[in-house]
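Work through each task before reading its solution.

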Amino acid sequence: MTDLDIYLAQHFLSAEQCAQACDLSTAELDALVRAQLVPAPSYVVTPDGMLQSYGFGAMAAPGSAAGQFFHPSQSAWVALAQSAIEQHGREHAGAAVQAQFIDRFYAALAELNISTWRMPDSFADDGSRLADGLRKRSDIVWEHFLGGTFGVCVAKPVSEADIAWKEVLQEKLTTLSDNGKRSAYAADQLESMRALIAAFAASAMPFSPIEYHLCSRKRLADDLLPRLSSL
């Protein structure tokens with residue numbers, strides 16, 4: 001087994017395992033993916049030894065076993081899709097899933113705008129929503145949700161709030177650390193920065209050994225924290 005095989009076995013489900021966990025056939029799971037009712041597999045390993053993900057593209061993974069790999073959170077999104085199909089019919093289920101996802105994502109962002117990180121592009125000073133800014137955020141998030149990106153980068157993406165939490169922590173940490181490059185902090189900033197890094201690290205996946213050198217976790221947590229510890 002390659003290091004990638006070990007990582008995928010530890011953190012992901014094969015298409016067959018995922019379908020079984022969702023009480024579906026693999027054909028039924030694939031149909032939900034193709035209908036854009038649930039996320040696509042977070043990773044695909046091709047027979048010619050390439051690792052593909054929506055966020056990182058194609059990267060060489062020689063010797064790794066081919067297959068499609070889903071985050072275990074997929075069962076939560078399958079349940080949501082099945083509920084939407086029952087309530088709205090197959091034809092209208094996709095629109096219902098998207099609308100519910102965006103409504104809940106907006107609500108999570110509104111809370112985080114107050115509690116965690118100010119988002120002036122999306123909320124006014126009084127907390128009211130700014131439609132254009134929120135639409136831009138939600139369009140990007142929905143695209144990556146369907147592409148399976150949050151299975152790659154979010155530790156437990158079982159709800160819109162979990163996804164929003166990790167995304168906002170990353171945005172805050174990126175800004176305050178100059179994308180991990182900042183090396184000078186005032187003494188009274190260090191404790192809050194360490195707490196922010198810990199929260200972000202807990203919300204993020206470890207990332208596969210193939211893409212780790214490019215990932216946000218390495219840049220904003222694993223590399224940054226030791227530098228803060230030396231200050």
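**Exercise 1: a helix pair**

Task: characterise how helix α5 (residues 90–115) and helix α8 (residues 160–176) cross.

Solution. The axes of α5 and α8 approach within 8 Å and cross at roughly 45 degrees (axes are lines fitted to C-alpha atoms, for helices over the stretch in contact, with angles from 0 to 180 degrees between N-to-C directions; helices are DSSP runs of H or I, at least four residues, numbered from the N terminus). That angle makes α5 oblique to α8 (under 35 degrees is roughly parallel, over 145 roughly antiparallel, 65 to 115 roughly perpendicular, and the rest oblique). The model is predicted: local features need pLDDT of at least 70, side-chain atom pairs count only at pLDDT 80 or more, and totals for chains, interfaces and linings use all residues. Residues are numbered from 1 along each chain as its sequence is written, and side-chain values use heavy atoms, without hydrogens and water.

Next, the residues in contact (heavy atoms within 4.5 Å): Q100, F101, R104, F105, A108, L109 and L112 of α5 meet E160, A161, I163, A164, W165 and V168 of α8. By class, this contact comprises ten nonpolar, one polar and two charged residues (Ala, Val, Leu, Ile, Met, Phe, Trp, Tyr, Cys and Pro are nonpolar; Asp, Glu, Lys and Arg charged; the others, Gly among them, polar).

**Exercise 2: the lining**

Task: state which helix gives the most to the lining of the largest cavity.

Solution. α4 (74–88), α6 (131–147) and α7 (149–153) each supply at least two lining residues. Of these, α7 gives the most, with three residues. The lining divides into nine nonpolar, eight polar and no charged residues (a cavity is a set of points on a 1 Å grid over the protein atoms alone where a 1.4 Å probe fits but cannot get out; lining residues have an atom within 4 Å of a point).
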